[in-house]
Amino acid sequence: MRITLLAIGTRGDIQPLVALGARLQHTGRHQICFVAPDDFSALATSAGLDFCSLGLSIHDLLSTPALRTFLEPGGNLIVGLRQLLQLLRPLFDRMMEHTWSAAQGTEAIVFSTLAIGGYHVADRLGVPACWAIPFPAFTRTRAFPNLAFPTLPLGGRYNRLTHRLAEQALHQFTARFFNQWRTHCDLPPLSIFHWPYDQLRGSPVPRLYSFSPIVFSRPTDWPEDTHITGYWFLDPPADWQPPADLLDFLSAGAPPVYVGF
């Protein structure tokens, strides 16, 4: 099967998808096209994947005054958001154009947390799509609130409501962009009041969560098409040797515990 993997973000967003693509391709049953910002061409090709550019550099994007204004604490949020939207409009058009071109001939699309344009390309192509996410989000549950909301002693109804609010915030921010692209491609526009990403052409959109069920237990009310797979790691290079100072540190005392992403 020819699968297009679409990933947007910094290295923490990209590398797990590269690991997933490498393992899928290693089975011998799949051919992977990896679509990502230019910064990660070497990472994808070193894993044996075909690479297609999204037409932008994350390094350059993070260096733009508009994004710095939006992210800096104490800045004018309204001004920063306006500048950010002006920046994203041409970038969005470019990313959708590159994604559409890279996905020609694909039989399925897997897209990362922020790369929801893959859903709309899959809709236009008539192929299935799957959402790959490294943290528990975008699947409603009564067990805990969305990560953007505080944990309050208000019960399951509050928790489930926070997930709907987070969905709506993302959808409100992106629907205008996607609807312009969909209208240009003769696809029906999305309602801004209806979260579209649970279903694609009448079939569920599976979610793959790339963390351990030991670290985070599966909520009992998650649907069957939501899967916790464990972490996706790249194998280290066969010729890699740890630096001498790292070996000295590890042998100097009790084994350390590392906590991170």
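**View 1. Charged side chains across the chain.** In this predicted model, where local features need pLDDT of at least 70, side-chain atom pairs count only at pLDDT 80 or more, and totals for chains, interfaces and linings use all residues, there are 19 positive and 20 negative side chains. The centres of these two sets lie 10 Å apart. Lys and Arg count as positive and Asp and Glu as negative, while His and the chain ends are not counted. Each charge is placed at NZ of Lys, CZ of Arg, CG of Asp or CD of Glu. As you explore, remember that residues are numbered from 1 along each chain as its sequence is written, and that side-chain values use heavy atoms, with hydrogens and water left out.

**View 2. The largest nonpolar core.** This core has 62 residues. A nonpolar core is a set of buried Ala, Val, Leu, Ile, Met, Phe, Trp, Tyr and Cys residues joined through side-chain atoms within 4.5 Å. Buried means under 20% relative accessible area, exposed over 50%, and partly exposed in between (1.4 Å probe, protein chains only). Leu17 is one of the residues with the most contacts inside the core. Which residues does Leu17 contact, leaving aside neighbours within four places in sequence? They are Leu5, Ala7, Phe34, Val110, Ser112, Ala132 and Trp232, where contact means heavy atoms within 4.5 Å.

**View 3. Helix 6, a mostly covered helix.** Helices (H or I, at least four residues) and strands (E, at least two) are DSSP runs, numbered from the N terminus. Helix 6 covers residues 117-125, and seven of its nine residues are buried. Among them are Tyr119, His120 and Asp123. After the helix comes Gly126, with a positive phi near 75 degrees.

**View 4. Asn179 in helix 7.** Here you can find Asn179 within helix 7, which runs over residues 155-184. With a relative accessible area of 12%, Asn179 is buried. Not counting residues up to four places away in sequence, Asn179 touches Pro189 and Leu190.

View 5. Phe138 is not a glycine, yet its phi is positive, at about 65 degrees. Look for Phe138 in the loop between strand 5 (129-133) and helix 7. Its relative accessible area is 14%, so Phe138 counts as buried. Arg201 is not a glycine either, and its phi is positive at about 50 degrees. This residue sits in the loop between strand 6 (199-200) and strand 7 (203-204). Is Arg201 buried or exposed? Arg201 counts as exposed, because its relative accessibility is 55%.
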